[in-house]
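Please open your viewer and get ready to select things as we go.

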Amino acid sequence: MDNIKILGIETSCDETAASIVQDGKEILANIINSQIPIHQQFGGVVPEVASRKHIESIAFVVAEAFKEANLEYADIDAVAVTNRPGLIGALLVGLSFAKAFAYALDKPLIAVNHLYGHIYANFLEYEDIKFPAVCLVVSGGHTSLLLMEDATSYEVIGATLDDAAGEAFDKVARFMGLGYPGGPLVQKAAETGQAGLVTLPRVYLDRDDFNFSFSGLKTATMNLWKKLERQGSQNVNDMAAEFQTALVEVLVAKTIKAANKYQVDNILLAGGVAANSKLRDLMAEEARANKLKLYYPSLKLCTDNAAMIAGVAYHDFVNGRFAPLNLNAYPSQMSLLKRPVDIVDNSVDK
Amino acid sequence: MLILAIDGATPSAGVALLDENKIYYEEISNFKKTHSQNLMPMIDRALTTGDYTVRDLTAIAVTIGPGSFTGLRIALGTVKGLSLATNIPVVAVSTLDTLAFNLNFNHNLVAVLLDARRNEVYTAFYDASGIYPVPISDELAISPEDFVSLAHQLMVKNNYTRIILLGDGFYPYADFFRKSFNDKLLNIPTHLILPRPTALGNLAIERVKAHSYSDIFSLSPTYLRLSEAEYKLKQGEI
Ligand SMILES: [Zn+2]
């Protein structure tokens, strides 16, 4: 199917975003209204505040997307919306708007798993990705290693057993007084610091499986920080550098090991933490050394956006996987292996 | 004229289709199901039962608050989606005004109470002696105790001997209100206690005639309360 234009809507956390993507690859508009400055004063994302901002800006953001794409509302073929996982109150704003917008235009509705979107960000930018591939999904709510058979089917081969990588960044940044959001601030501090001057553990590096644990690293960082503070010898930049390196080395080592074990030639990064330059650089270095091809989305498509939602929805559109009008939102991630049955409805019946 | 009225402000969800002469459709669901699952199918039934589409509407009316934060945003998100897609204008009406309109030509003090949790109610007092309810207080978020003392003051000041309480804010504190108002409290049937989407639609008619519409880009619910985090920030606790 050609020239299929899908409006994507994304409100799962602290970005109100709308995008129009053609045929699952050509981005015609990508509008992101970030709430980061608002949440900074609270030291983290406040769900109720996020929901209030979403309902204020949703209509504007969607209207802007059509302006940028120079399209009429009726020119789109479907509306795709993130309905899981995320902050429930935030998800419900985008979902309610998307359902009504699709209904009023008499267009089908497509429900999208946010994490499928993050993975798909790679396919918006690269057309030559070969399968099978190993994909490392790292975000504020998620850390998984996936074995991909094609662009939309995956097997989970490893996951974090406690905190997500992005969550560890946020918690450690807040603890050391760096502020929010943790990822970019730790990265910035690390640039002027040096890893190795203090020592933190590489958790699970010695294990043969592909699971992760970041809670231990977070606690170790906090304990060491408190100890150094008592001695008056703490240096936030060196600590940030060591923390970031300790976390990234495990991510990289496990990903490369998985690629070798499953004999794939391609590695993908996805999710907000894939924007981390240390992760990108070290992964690129190791991929080169192991003769693997590495893909990661550009910075703008790593963090939350609606282009990835509209993009991945193209495949649902082609396969007639539409959602009913009583579609609900869900805070938690269900299995990445299977698409949830309640979003599958082969009729365009509303 | 054709008005679609949508209410998701309280645990009940309601949709109605009407004009200035006639009610065509009304549906209220008060089960413990989320408005997210209920509202769109209800809107679809209201329109398709009469062979209408969204484009046939003159305006869309919505209860803008106070009420459940999430419920208000589901209803308003829905209304913004319908309106942006079709350019059908929106009339936003207070949830408390809508509930008060369940009573007319009534010479008792009328109070609307919504459950605001955290030991508070959203409330306003009304003179319902005419066809339209006239508010005689601000919209407030206050404790049941403060509500009772304010009610007593208003009753003395305005010579009311009896009071009627509307809305789901009555139930969590029913015993306390019964004790506090005693035989001054009038019991009314349950069908008057819920917000009626037809009352919402009727309240919107004058505004539609006057072309007094809300801007959907800036429209936001009436919360009456800061979020917990904003409150703490203001108190200097963050
Ligand atoms: Zn995300």
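Across all chains, the count comes to 20 salt bridges. Keep in mind as you look around that this is a predicted model.

**Stop one: where chain A meets chain B**

Select both chains and colour them separately. The contact draws 32 residues from chain A and 37 residues from chain B. About 2,800 Å² is buried between chain A and chain B, with carbon and sulfur atoms giving 66% of that area. On the chain A side, pick out R52(A), I55(A) and Y103(A): these lose the most area to chain B, together 24% of what that side buries.

To see which helices are involved, show α2 (47-69) and α3 (88-105) of chain A, each of which supplies at least two residues of the side that touches chain B. The salt-bridge count between chain A and chain B is two.

Zoom in on E48(A) and R52(A), whose side chains meet in a salt bridge (2.7 Å, N to O). How far apart are E48(A) and R52(A) in helix α2 of chain A? They are separated by about one helical turn, because they are four residues apart in that helix. Both E48(A) and R52(A) are buried.

R73(B) and E48(A) form a salt bridge, with their closest N and O atoms 2.9 Å apart. Are R73(B) and E48(A) buried or exposed? Both of them are buried.

For contrast, move along to helix α6 (residues 197-209) of chain B, where E206(B) and K209(B) lie three residues apart, about one turn of the helix. The closest N and O atoms of the E206(B) and K209(B) salt bridge are 3.9 Å apart. E206(B) has a relative accessible area of 41%, so E206(B) counts as partly exposed. K209(B) is partly exposed too, because its relative accessible area is 47%.

**Stop three: the two domains of chain B**

The domain assignment gives domain 1 (3-95 + 195-234) and domain 2 (103-192). Their contact takes 16 residues from domain 1 of chain B and 13 residues from domain 2 of chain B.

Domain 1 and domain 2 of chain B bury about 1,200 Å² between them, 53% of it on carbon and sulfur atoms. Five residue pairs are in polar contact across this interface, both residues at pLDDT 80 or more. Two salt bridges are counted between domain 1 and domain 2 of chain B. While you are in chain B, select R118(B) and E228(B), whose side chains meet in a salt bridge (3.0 Å, N to O).

**Stop four: strand β6 of chain B**

Show strand β6 (residues 109-115) of chain B. How many of its seven residues are buried? Six of them are, which leaves the strand mostly covered.

Bring in strand β7 (residues 121-127) of chain B, which runs antiparallel to β6(B) and is joined to it by seven bridges. Along this pairing, L114(B) stands opposite Y122(B) in β7(B). The hairpin of β6(B) and β7(B) has five residues between the strands, and there R117(B) takes a positive phi near 55°.

β10(B) runs parallel to β6(B), with four bridges joining the two. Look for V110(B), whose bridge partner in β10(B) is I164(B).

**Last stop: S213(A)**

Bring chain A back and find the loop between α6 (182-191) and α7 (215-231), which holds S213(A). Why does S213(A) count as buried? Its relative accessibility is 8%, and the cut-off for buried is under 20%. The side chains of S213(A) and D162(A) are joined by a polar contact of 2.7 Å. Leaving aside residues up to four places away in sequence, S213(A) touches T160(A), D162(A), V203(A) and Y204(A).

Notes:
Residues are numbered from 1 along each chain as its sequence is written. Chains are lettered from A and ligands numbered from 1 in the order in which they are written. This is a predicted model: local features need pLDDT of at least 70, side-chain atom pairs count only at pLDDT 80 or more; totals for chains, interfaces and linings use all residues. Side-chain values use heavy atoms; hydrogens and water are left out. Buried means under 20% relative accessible area, exposed over 50%, partly exposed in between (1.4 Å probe, protein chains only). Two strands pair if DSSP finds at least two bridges between them. Domain bounds come from an automatic or database domain assignment. Contact means heavy atoms within 4.5 Å. Buried area is the accessible area (1.4 Å probe) that two parts lose on being put together, summed over both. A salt bridge is a side-chain nitrogen of Lys or Arg within 4 Å of a carboxyl oxygen of Asp or Glu. A polar contact is a pair of N or O atoms within 3.5 Å; within protein, one must be able to donate a hydrogen and the other to accept it, and residues adjacent in sequence count only if both atoms are side-chain atoms.
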